[in-house]
Amino acid sequence: MNDLEEQLKKLFPNHEVSNEPEAIEETPHELFVQKEPMICKYEKRKGKPTTIISGYEGEDEDFKILAKEIKSKLAVGGTFKDGEIIIQGDYRDKIMKLLQDKGFKTKRVGG
C-alpha cells in the first residue's frame, strides 16, 4: 500500500491527502408514471387463478422492481415475463389499490 502512496506523491507532489469520507448522494429510484392506464386482468391458467398486469410503457427494469414490490407486499408468488407481471391468485383489487397509491392509472379487465 505504501508503494502506491509513494508513486502517487511522485505524480502529484502538491496533493494533500484528505481523510474525510466522501459525501455520496443517494437519490431514490423514481418509477416512470405514465398517462395510459395499466391493464389488470384475471385469467385461469392450468386451472389456477392468476392476475396479470400489463401496459407499462417505462423501462423493463422499473417494471421488474414494481413486480418485486407487489409480490412482497401481498406475500404471493409471481413472475415478470414478456412485459407482463403475472401474480398467483386473484388480487386485482389489492394490486389496483397499490398501483393507484403510487400514482398509476389502472383499468380492470374481465369480471
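Biologist: How many bridges join E2 to strand E4?

Modeller: This is a predicted model, in which local features need pLDDT of at least 70, side-chain atom pairs count only at pLDDT 80 or more, and totals for chains, interfaces and linings use all residues. Residues are numbered from 1 along each chain as its sequence is written, and side-chain values use heavy atoms, without hydrogens and water. Strands (E, at least two residues) and helices (H or I, at least four) are DSSP runs numbered from the N terminus, and two strands pair if DSSP finds at least two bridges between them. E2 and E4 (residues 84-88) run antiparallel, and the bridges joining them number four.

Biologist: Which residue in E4 stands opposite Thr51?

Modeller: E3 is also joined to E4, antiparallel, by four bridges. There, Gly78 has Ile87 as its bridge partner. Opposite Thr51, too, stands Ile87.

Biologist: Is Ser54 buried or exposed?

Modeller: Ser54 is in strand E2. Its contacts (heavy atoms within 4.5 Å) include Phe63 and Glu84, leaving out residues up to four places away in sequence. Buried means under 20% relative accessible area, exposed over 50%, partly exposed in between (1.4 Å probe, protein chains only). Ser54 has 13% relative accessibility, so it counts as buried.

Biologist: What is the relative accessible area of Lys46?

Modeller: Lys46 sits in the loop between strand E1 (38-45) and strand E2 (48-54). Its phi is positive, about 55°, although Lys46 is not a glycine. Lys46 is exposed, with a relative accessible area of 88%.
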